[in-house]
Amino acid sequence: MNTYEPPIFELSAPGKHGANLPALDVPAAELPASLLRGDYLAAMPELSETEVMRHFTRISQRNYCIDTGMYPLGSCTMKYNPKIHEEVARLSGFAGAHPLQGDALSQGALRL
């Protein structure tokens, strides 16, 4: 399986635009040279909006998250906490339960 992805700079081509703006309704004016970038960011790649979105989506999918697997670190209690457990733990009735409340008031939490 080929997993090579070219750097975003290799996808660049002069004239690509990341936004489609309406036509000017005022006369065009040149920016003064003092306001133009002169550093390394002046040569940013020229990409279409779709290419930029795909690039950042691919980068985000490289992140390891609970949606795509378990975190293999920490002690046994920290290794796997499914997303549903995290949601239930945040429920107001469960999250607000006092740790020293009696057995009669803890049955719902114990059942959960």
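The protein chain exposes about 10100 Å² of surface, and carbon and sulfur atoms supply 60% of that area. Accessible areas like this one come from the Shrake-Rupley method with a 1.4 Å probe, and for residues only the protein chains shown count as cover. Residues are numbered from 1 along each chain as its sequence is written, and side-chain values use heavy atoms, leaving out hydrogens and water.

Let us start with confidence. The predictor's confidence in each residue is called pLDDT and runs from 0 to 100. For the protein chain the mean pLDDT is 79, and 81% of the residues reach 70 or more. Where pLDDT is low, the predicted coordinates should not be read in detail.

Now for the overall build.

How much of the chain is buried? Of its 112 residues, 7% count as buried. Here buried means under 20% relative accessible area, exposed means over 50%, and partly exposed lies in between (1.4 Å probe, protein chains only). Turning to contacts, which are heavy atoms within 4.5 Å, residues 24 or more positions apart account for 62% of those with a separation of 6 or more.

Side chains of opposite charge can pair when their charged atoms come close. A salt bridge is a side-chain nitrogen of Lys or Arg within 4 Å of a carboxyl oxygen of Asp or Glu, and a search of the whole structure finds 1. Which residues form it? The side chains of Lys-16 and Glu-51 meet there, at 2.8 Å from N to O. Because Lys-16 lies in the segment before helix H1 (49-61) and Glu-51 in helix H1, the pair ties together parts that are 35 residues apart in sequence. Lys-16 is partly exposed at 28% relative accessibility, whereas Glu-51 is buried at 19%.

Stay with Glu-51 for a moment. Leaving aside neighbours within four places in sequence, Glu-51 is in contact with Leu-11 and Lys-16. The side chain of Glu-51 also reaches the backbone nitrogen of Ser-48 at 2.9 Å. This is a polar contact: a pair of N or O atoms within 3.5 Å, where within protein one must be able to donate a hydrogen and the other to accept it, and residues adjacent in sequence count only if both atoms are side-chain atoms.

That brings us to Ser-48, found in the segment before H1 and partly exposed at 23% relative accessibility. Beyond its neighbours within four places in sequence, Ser-48 is in contact with Lys-16, His-17 and Gly-18. Ser-48 and His-17 are 31 residues apart in sequence, yet 5.1 Å apart in space, C-alpha to C-alpha.

Glu-10 also belongs to the segment before H1, and at 52% relative accessibility Glu-10 counts as exposed. Glu-10 and Glu-46 are 36 residues apart in sequence and 9.9 Å apart in space, C-alpha to C-alpha.

Leu-31, Leu-35 and Leu-36 make a nonpolar patch of about 330 Å². Patches are made of residues with over 30% relative accessible area and no salt bridge, joining like charges within 9 Å and nonpolar side chains (Val, Leu, Ile, Met, Phe, Trp, Tyr) within 5 Å. Leu-35 lies in the segment before H1 and is exposed, with a relative accessible area of 59%.

Methods: Predicted model: local features only at pLDDT ≥ 70, side-chain atom pairs only at ≥ 80, totals over all residues. Helix = DSSP H or I, 4+ residues; strand = E, 2+ residues; numbered from the N terminus.
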